[in-house]
Structures are given as C-alpha cells and as structure tokens.
Amino acid sequence: MISKSEYLADLSHSLKTPMAVISESIDLIEMKLFKEIGEVEAYKGIIERMRRNSDILQRSINNIIESAVIEEKRMIMRPALVSLSEIAEKAVDDAKIYTEKKNLSIKFIDKTKKETVFSDGEMYESIILNLISNSVKYTGENGKIIIKLCESEEMFITEVSDNGCGIGKDRQKRLFKKGGIKRLQEQGSGIGIGLYLVSEKIKLMGGTKHLESEEGKGTKFSFAIPKKYIFQKSKTKNDFGQVIFNQSRVEYSSLLPFIK
C-alpha cells in the first residue's frame with residue numbers, strides 16, 4: 001500500500017509540472033501577442049485572467065503540499081548567505097500595485113545594518129509575503145500598513161502592522177492552527193492555512209512570533225529569527241520539491257477579490 005509520503009510526493013510532481021507548462025505558455029503567448037499586435041485591451045484582459053487564475057491555483061497547490069510536508073516533518077531549510085532586508089523591501093515594492101488600488105499607505109522602515117545573514121531567504125520571503133498580503137486584505141481604504149525591520153545581536157526581527165479590522169482575543173487563539181478561522185469571512189479564493197504555514201515555518205527557522213491585535217483597531221504581527229541558522233540532522237529527504245514560480249505574484253494573487 002502506498003504511504004502518505006509517497007502519495008504526496010507523486011501529487012506534488014503531478015500538479016506542479018502541468019502548472020509550470022501553463023505558466024510558461026502564458027508567458028510565451030503574452031510576449032508574442034503583444035510584440036506583434038501591441039497591447040490590445042481585449043487580448044490583454046484575457047491574458048491577465050489566465051495569469052491570475054494560474055497563480056491562484058498555484059498558490060492553493062503550494063499551500064496544500066507545504067501543509068502535508070510539515071505534517072510529515074519533511075520540510076527542510078535551505079540556508080544560504082542572503083540579505084533579508086532586500087527580500088523584505090522587494091516584497092513591499094511588489095505589494096504597492098495592490099495598495100495603490102485600495103488607497104492604502106504602505107511604509108517600509110529598515111533599522112538593521114543591511115548585512116547578509118545565513119538563513120533560508122525563500123522561506124523568509126514566503127512568511128513576509130503572507131503577512132503583507134493579510135494586511136492588504138483586511139485593511140480598509142485609506143488605511144496604513146507599516147513593515148519594520150530591526151535586529152539584536154543574534155536575531156533579525158520583522159514587524160508587519162496595520163490599522164485594519166483587527167482580530168478579537170477569542171479568535172486569536174485559533175488563528176495559527178490548521179483549520180483555524182480567518183480574520184474575516186472569506187471573500188476570495190484559498191484554503192485558509194496560510195497563517196498555520198507561517199507559524200510552522202517560523203518554528204522551523206528557530207524563531208518566535210508575537211501577535212498584538214484589537215478588533216476594529218488593527219493588528220501587529222512580529223517574528224524574530226536567528227541570523228545564523230544552525231543545521232539540524234534530518235532522517236529523511238524532502239522529496240516534495242521547492243515552491244516554484246514568482247512567489248510574490250503567486251501569494252498576492254489572493255488579494256484580487258479584495259480589490260475593486
């Protein structure tokens with residue numbers, strides 16, 4: 001009988017391969033079409049819808065697979081020398097196209113030395129993208145979002161705060177559990193496990209998280225991760241493959257139902 005791990009490994013490859021083909025095909029169509037006939041609005045709209053739905057599907061696939069990998073204790077770190085400051089700044093810049101549509105103010109404050117650290121940059125990026133995405137979703141028009149970076153001797157600290165709808169104390173206890181509730185009634189696509197994955201990834205990176213929120217006033221989520229990752233022995237190899245595609249585009253695809 002096939003094991004759960006083997007089934008999920010097969011599922012990973014079965015889903016990701018056709019998604020890669022679809023995404024690459026959209027890129028080729030977009031380049032060829034616009035080169036030959038220019039940005040005709042009718043065709044541009046079709047391409048954008050194809051891209052949007054491809055990204056939404058890819059995001060759901062990634063979340064399902066990552067959740068299963070974490071449950072099987074098979075997710076591993078891939079540390080390298082990276083600039084977490086640059087990763088965070090790019091995540092903020094990529095969000096601006098969405099914040100502008102909601103008339104949101106998004107501010108980036110970096111109080112670190114902007115040094116490279118030995119950590120998993122891709123995992124850090126996935127965490128901060130999810131947190132920024134949530135702030136954009138649940139902050140009303142003309143609201144404010146602040147992303148602040150600071151550091152201690154051993155830890156790199158990231159804060160994402162907003163003056164959005166906030167989260168009641170009774171809901172905060174379940175927020176990071178798989179199958180927990182969301183900050184608002186779901187308006188768009190997704191399977192509601194983003195913050196569960198965020199919490200588990202922070203733990204895997206050897207970090208800690210902290211949440212401050214009051215319903216109707218806003219939310220501040222902060223997390224601290226070590227500047228130097230300590231290798232841990234793993235009995236098994238992660239055969240589920242890395243998350244592919246443009247992470248910011250895929251993560252921010254969940255914002256579209258929240259933006260008019």
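Q: Strands are DSSP runs of type E with at least two residues, numbered from the N terminus; in which strand is the place of L81?
A: In this predicted model, L81 has its place in strand β1, which covers residues 80-82.

Q: Which residues is L81 in contact with, once its neighbours within four places in sequence are left aside?
A: Contact requires heavy atoms within 4.5 Å, and by that rule L81 is in contact with T116, V117 and F118. The C-alpha atoms of L81 and T116 are separated by 5.8 Å, although the two residues are 35 residues apart along the chain.

Q: What makes Y124 and F156 an aromatic pair, and which kind of pair is it?
A: Their ring centres are 5.9 Å apart and the cut-off for pairing is within 6.5 Å, so the two rings count as a pair. The angle between the planes is 85°, and planes over 60 degrees apart count as edge-to-face, so that is the name given to this pair. By the same rule the count comes to four aromatic pairs.

Q: Which parts of the protein does the pair of Y124 and F156 tie together?
A: Y124 lies in helix α4 (residues 121-137) and F156 in strand β5 (residues 155-162), so the pair ties together parts that are 32 residues apart in sequence. Both Y124 and F156 are buried.

Q: Which residues do the ring pairs link into a cluster?
A: The cluster linked by ring pairs consists of Y124, F156, F176, F221 and F223.

Q: How do you know that the charged end of K209 sits over the ring of F176?
A: The charged end of K209 is 5.1 Å from the centre of the F176 ring, and the cut-off for distance is within 6 Å, with a second condition of within 35 degrees of the ring normal. K209 is counted as sitting over the ring of F176.

Q: What makes α6 a mostly covered helix?
A: Buried means under 20% relative accessible area, and eight of the 11 residues of α6 are buried. They are G194, L195, Y196, L197, V198, S199, K201 and I202. After α6 comes G206, whose phi is positive, near 80°.

Q: How do you know that E200 forms a salt bridge with K203?
A: The closest N and O atoms of E200 and K203 are 3.2 Å apart, and the cut-off for a salt bridge is within 4 Å, so this pair qualifies. Being three residues apart in helix α6, E200 and K203 are separated by about one helical turn. E200, at 22% relative accessibility, counts as partly exposed, while K203 is exposed with a relative accessible area of 51%.

Q: What makes D94 and K90 partners in a salt bridge?
A: Their side chains meet at 2.7 Å, N to O, against a cut-off of within 4 Å. D94 and K90 are four residues apart in helix α3 (residues 84-101), and are therefore separated by about one helical turn. D94 is partly exposed at 26%, and K90 is partly exposed at 43%.

Q: Why does K217 count as forming a salt bridge with E214?
A: The closest N and O atoms of K217 and E214 are 3.7 Å apart, and the limit is within 4 Å, so the pair counts as a salt bridge. K217 is exposed, with a relative accessible area of 56%, whereas E214 is partly exposed at 45%. The structure holds six salt bridges.

Technical notes
Residues are numbered from 1 along each chain as its sequence is written. This is a predicted model: local features need pLDDT of at least 70, side-chain atom pairs count only at pLDDT 80 or more; totals for chains, interfaces and linings use all residues. Side-chain values use heavy atoms; hydrogens and water are left out. Rings of Phe, Tyr and Trp (its six-membered ring) pair if their centres lie within 6.5 Å; planes under 30 degrees apart count as stacked, over 60 as edge-to-face and the rest as tilted. Buried means under 20% relative accessible area, exposed over 50%, partly exposed in between (1.4 Å probe, protein chains only).
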